[in-house]
Amino acid sequence: MVVRPLITRPLSFMLQMATVLRRHAMDLLQSREFGRTLLYDIENRGTFEDISCHEIMIADAVRMKRYHDAIMRYINPGDTVVDLGTGTGVLSFFAAQRDPKKIYAIDHSELVITIAGTIAEENGINNVSFFPQNSRFFEPDEKVDVILHEQMGSNLIDENMIENILDLKKRVLKSTGKILPGRFELFLEPICLKEEYRVPHLWENNVYGIDFNCLRDCSEYNDHSRPSKLKIEHSSVDYLLCDPEPILSFDLNTMRDPGEIPRSIETSKKVVRSGSMDGLCLYFRVIFDDEISFDTSPLSPRTHWDHPLFRTESRQYVQGEEISFKFTMEVPTRRETWSVSVK
């Protein structure tokens, strides 16, 4: 086990920051996106220092099995691997079972890196080197064969996944290398909730004769241009009104620039099952290959990821009708800037 020591936490971070700013000076001059990305990384630094987050992720049987299956298939003896956002190191430890040449395990939380090092030592794993730093400061001695990661947020791309991985890909991945996982699909599906889970807009309520409809056009309460977002429970969805189709598909192995992700998507879906639309549920699919994949749909086996719901005013649809909507991401890493408008 190798953990690179830091001089002092504040001084080390400042030196690392200066290095990355020098490397990306032209990016800063040409675009605000790099600055937004770096700011998000700084703000997010301590998010996963809550150990309960890692307990929840490791307890996710769907996640752990698919990752283990893919690592056993795609990590080969003699490979050099980068594990981006290693956390407790569990994916690195799976990879270590495949006898790679070396595994670089990176995480910008010194706390979880220390925990990962303890687990490695206790399990006799000695081909993993730990680096407590932001991946943008990471400079390996050699190009790597595989970038291994689990960077997906509940909204798939809201944890800087694309920016972080493409940065590593450009700098450290061999031309013949692989990102694992690399393929993703994002879904936004009209759903009908079970009655006991419905949460109407405040202005839709009439409770024991108290009518809230006066708030429908009240600007202090309601911004119709940005429907409110809720998290719904896995068991709350009765059914989907339409056959699921992704609104966005991409492969990090072939993608070159984060700008390839559109900020606005317009689509239409045909209703195949009549009922009330209570909103649009966001979920995603992770694809290792045609045999190994999983998704976070509320109708699939439960994972630890949330089920974000873009609420809409409740409306009845019948089979054959079209539901048209526009999905907008002003800032992809800021879910509060995401909105849906139904036509």
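Analyst: The count comes to 18 salt bridges, a salt bridge being a side-chain nitrogen of Lys or Arg within 4 Å of a carboxyl oxygen of Asp or Glu. The model is a predicted one, in which local features need pLDDT of at least 70 and side-chain atom pairs count only at pLDDT 80 or more, while totals for chains, interfaces and linings use all residues. Residues are numbered from 1 along each chain as its sequence is written, and side-chain values use heavy atoms, with hydrogens and water left out.

Among the pairs is that of R183 and D290, whose side chains meet with an N to O distance of 3.6 Å. Strands here are DSSP runs (E, at least two residues), as helices are (H or I, at least four), numbered from the N terminus. For accessibility, buried means under 20% relative accessible area, exposed over 50%, and partly exposed in between (1.4 Å probe, protein chains only). R183 is partly exposed, at a relative accessible area of 32%, and D290 is exposed, at 73%.

The side chains of D306 and K231 form another salt bridge, with the closest N and O atoms 3.1 Å apart. This pair, too, links distant parts of the chain: D306 is in the loop between β15 and β16 (308-317), K231 is in strand β10 (residues 229-231), and 75 residues separate them. D306 is partly exposed, with a relative accessible area of 28%, while K231 counts as exposed at 54%. Salt bridges that share partners also occur, and they join R73, D289 and E291 into one network.

R198 and E195 make a further pair, their side chains meeting at 2.6 Å from N to O. Of these two residues, R198 is partly exposed, its relative accessible area being 28%, and E195 is exposed, with a value of 58%.
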